[in-house]
Amino acid sequence: SFPTATLQVVVHIVYETEEQNISDLQVLSQIEVLNRDFSSTNPDKSAIPAVWGDLPMDSGIRFSLASRDPEDKPTSGIIRTKTAMRGFDHLDSVKFSARGGSDAWPTDRYLNIWVCNLHGGLLGYAQFPGGPRETDGVVILYKAFGTQGTAEPPFDLGRTCTHEVGHYLNLRHIWGDTEHCFGSDSIEDTPTQQLPNYNKPLFPHISCNNGPHGDMFMNYMDYVDDDTMVMFTPGQVARMRASLMGPRAGLIN
Ligand code: ARG
Ligand code: ZN
Ligand code: CA
């Protein structure tokens, strides 16, 4: 069985404007969302169609702002860095102080989360297990982080971070990242689905002969609005746990 694992989180706030320098409370609101979603205690799971209502389970994965820095000194787990960069993209400058960002804490021991302005409508992105050490972690747009302050609807319930941490723990998009029905997320208990869903779909939304229940668009690994994504499946939980017993084992030791 899987013991409860608490990941030590460091949040790098990289801001150009004062607005982007989000509050500690906004950071804490995101940590609360992660702990609710990964323990399946999010009240909005009541929206899951009855056919899948029994699937959500406690992943045993929890999140805590780091209380010790890499030198073992006390810390709040929140680092603030002023930048001259108007915004960042998926090319990882935000992860290097020499490029206007903030250097990662040892990525084998900490979950690094960077919060900054992102260009081009990007809400966030993540690195899968097994990638380069220096860039490991997740990046989230400051307008899509936490549930208060600068968080803006429809991405103001902290689900961008839930989704990106899913990737960080080896989950693929639920539609398998192809527009063909042979694309797969390699998870048995998520129905095969053709394309991402957006906004707030109506149940059922059928594709790839997956009727009568259709796409599991209310899954965190689809692209729907924050108030519409409410669950991981046991298959997804098993895959995330496997990453923590394999390539990401340093996080829980
Ligand atoms: N990487 C995705 C993007 O930037 C994240 C989508 C998150 N979806 C959400 N409802 N919060 O588009
Ligand atoms: Zn994604
Ligand atoms: Ca599947």
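The largest pocket of this predicted model has a volume of about 380 Å³. A pocket is here an open set of points on a 1 Å grid over the protein atoms alone, where a 1.4 Å probe fits, with protein on both sides within 12 Å along at least five of seven lines; its volume is the space filled by probe spheres set on the points, which are joined across faces, edges and corners. Lining residues, defined as those with an atom within 4 Å of a point, number 23 in the largest pocket, and L123, G124, H163, E164 and Y223 lie nearest its centre. The elements that contribute two or more residues to this lining are β5 (124-126) and α2 (159-168), with α2 giving the most, five residues. Helices (H or I, at least four residues) and strands (E, at least two) are DSSP runs numbered from the N terminus. By class, the lining comprises nine nonpolar, seven polar and seven charged residues, where Ala, Val, Leu, Ile, Met, Phe, Trp, Tyr, Cys and Pro count as nonpolar, Asp, Glu, Lys and Arg as charged, and the others, Gly among them, as polar.

The second largest pocket has a volume of about 170 Å³. Its lining includes T107, D108, the stretch of P129, G130, G131, P132 and R133, and also D136, P247, R248 and L251. Four of these lining residues are nonpolar, three polar and four charged.

Helix α3 (residues 234-245) has twelve residues and reaches 16 Å from its first C-alpha to its last, close to the 16 Å expected at 1.5 Å a residue, the expected span being 1.5 Å times one less than the number of residues. Within α3, the residues Q236, V237, M240, R241, S243 and L244 are buried. Viewed down the axis of α3, the buried residues fall within an arc of 155 degrees and so line one face of the helix; the arc is that of the directions from the helix axis to the C-beta atoms.

D227 is located in the loop between α2 and α3 and is partly exposed, with a relative accessible area of 39%.

Residues are numbered from 1 along each chain as its sequence is written, while chains are lettered from A and ligands numbered from 1 in the order in which they are written. Local features need pLDDT of at least 70 and side-chain atom pairs count only at pLDDT 80 or more, whereas totals for chains, interfaces and linings use all residues, and side-chain values use heavy atoms, with hydrogens and water left out.

Conventions
Buried < 20%, exposed > 50% of the residue type's maximum accessible area, 1.4 Å probe, protein only.
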